[in-house]
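Here are my notes on the packing inside this model. Keep the 3D view open as you read.

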Amino acid sequence: MFARIADGLTIPPFFQGVGVRLLLAPMEGLLDADLRDVLTRACPYDWAVSEFARVSGTLLPHRVYRRISPELQSGGRTRASVPVRVQLLGSDPSCLADNAAHLAELAPPGIDLNFGCPAPTVNRHRGGAVLLDEPELLHRIATAVRVAVPAGVPFTAKMRLGVADTSKAVECAQALAAGGVEGLVVHARTKLDGYRPPAHWVWIARIAEAVDIPVTANGEVWSEADWRRCRAESGVADVMLGRGAVADPFLARRLRAQGDAGDHTIDRDGEWEELQPLLALFWRRVRERLQPQHSPGRLKQWLNLLRRNYPQAERLFREVRAARRPAEIDAALVRHGIAAAALPLAA
């Protein structure tokens with residue numbers, strides 16, 4: 001068991017209040033600033049978390065954080081005014097603390113620690129979910145970063161249930177809470193599980209009972225029915241959406257509108273009409289940021305998930321699947337009524 005770094009630590013104001021929180025997840029290589037921009041335009045989220053900044057022995061310059069979270073240049077918020085917390089990944093407590101203090105100079109809406117990434121390249125360098133075999137190290141990291149992060153900056157973490165099994169899940173959560181983490185998102189799978197279903201939401205309930213900080217559920221929420229089952233099995237109210245939000249950009253909006261009232265008929269045709277200018281905006285931003293040989297892959301990546309819910313996305317995906325040049329994508333979008341070239345970038 002771990003002792004808290006300060007007796008009588010109360011839940012900060014930014015975790016208090018009524019209502020259910022819906023958070024937008026960080027997903028390396030998928031849910032970046034471009035996609036975060038359009039998804040937060042489609043739906044209101046309480047906050048989002050950036051992709052991680054890898055900390056490995058050096059003090060990262062501010063430009064690294066601004067590249068990962070360009071929202072830092074506009075008050076730490078997306079254009080739809082959703083706060084974006086910046087995530088750090090690493091294994092050295094002192095180095096993470098120094099970088100957290102340096103990041104805090106940019107006044108982010110929050111600082112988050114990554115103990116959930118299952119990517120082999122990250123784990124081989126002692127980052128992400130592989131650290132869940134070492135609760136004592138998690139405690140040292142959280143304690144060091146807590147001291148470095150100013151009191152007014154929310155300090156949170158995201159973890160999985162373990163590396164190969166769940167035997168240390170509760171101990172890891174307690175280690176982070178004792179170290180001063182003020183809120184915890186739990187992805188209800190182990191590192192070895194990757195993204196394979198199911199998500200073990202019942203373990204979130206066990207973790208929430210063992211710590212005295214707010215816990216948010218994450219993993220395998222694709223629909224309103226999933227959201228209700230997740231909340232029932234996990235026993236927590238707040239949920240972070242990842243791939244479910246990417247595949248269904250209006251899911252969070254429907255959850256807020258319908259709550260626990262039950263599923264309703266979804267107007268997918270109407271949603272697709274609403275989604276078209278967001279697809280166009282996303283494509284514009286991707287084309288500006290990436291080299292021509294890389295930009296088509298980003299649009300196809302999103303369409304590949306959208307086709308779970310939208311037959312129009314399925315048809316468009318099939319048409320652009322073999323496209324290699326941006327001009328081919330432009331022509332396909334126009335044929336599908338998505339006039340990317342005509343959309344003002346600042347819209």
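1. Start with a definition. Rings of Phe, Tyr and Trp (its six-membered ring) pair if their centres lie within 6.5 Å; planes under 30 degrees apart count as stacked, over 60 as edge-to-face and the rest as tilted. A search of the whole structure finds 2 such aromatic pairs.

2. A word on the source. This is a predicted model: local features need pLDDT of at least 70, side-chain atom pairs count only at pLDDT 80 or more, and totals for chains, interfaces and linings use all residues. Residues are numbered from 1 along each chain as its sequence is written, and side-chain values use heavy atoms, leaving out hydrogens and water.

3. Take Trp-272 and Tyr-310. Their ring centres are 6.0 Å apart and their planes at 40 degrees, so the pair is tilted. Tyr-310 is buried, with a relative accessible area of 0%. Buried means under 20% relative accessible area, exposed over 50%, partly exposed in between (1.4 Å probe, protein chains only). Trp-272 is buried too, at 5%.

4. Now Phe-282 and Trp-302. Their ring centres lie 5.1 Å apart with planes at 75 degrees, so this pair is edge-to-face. Phe-282 is buried at 0% relative accessible area, and Trp-302 is buried at 1%.

5. Which ring lies under Arg-268? Arg-268 lies over the face of Tyr-310, 5.0 Å from the ring centre. The charged end of Arg-308 sits over the ring of Trp-222, 3.6 Å from its centre. The test: NZ of Lys or CZ of Arg within 6 Å of the ring centre and within 35 degrees of the ring normal.
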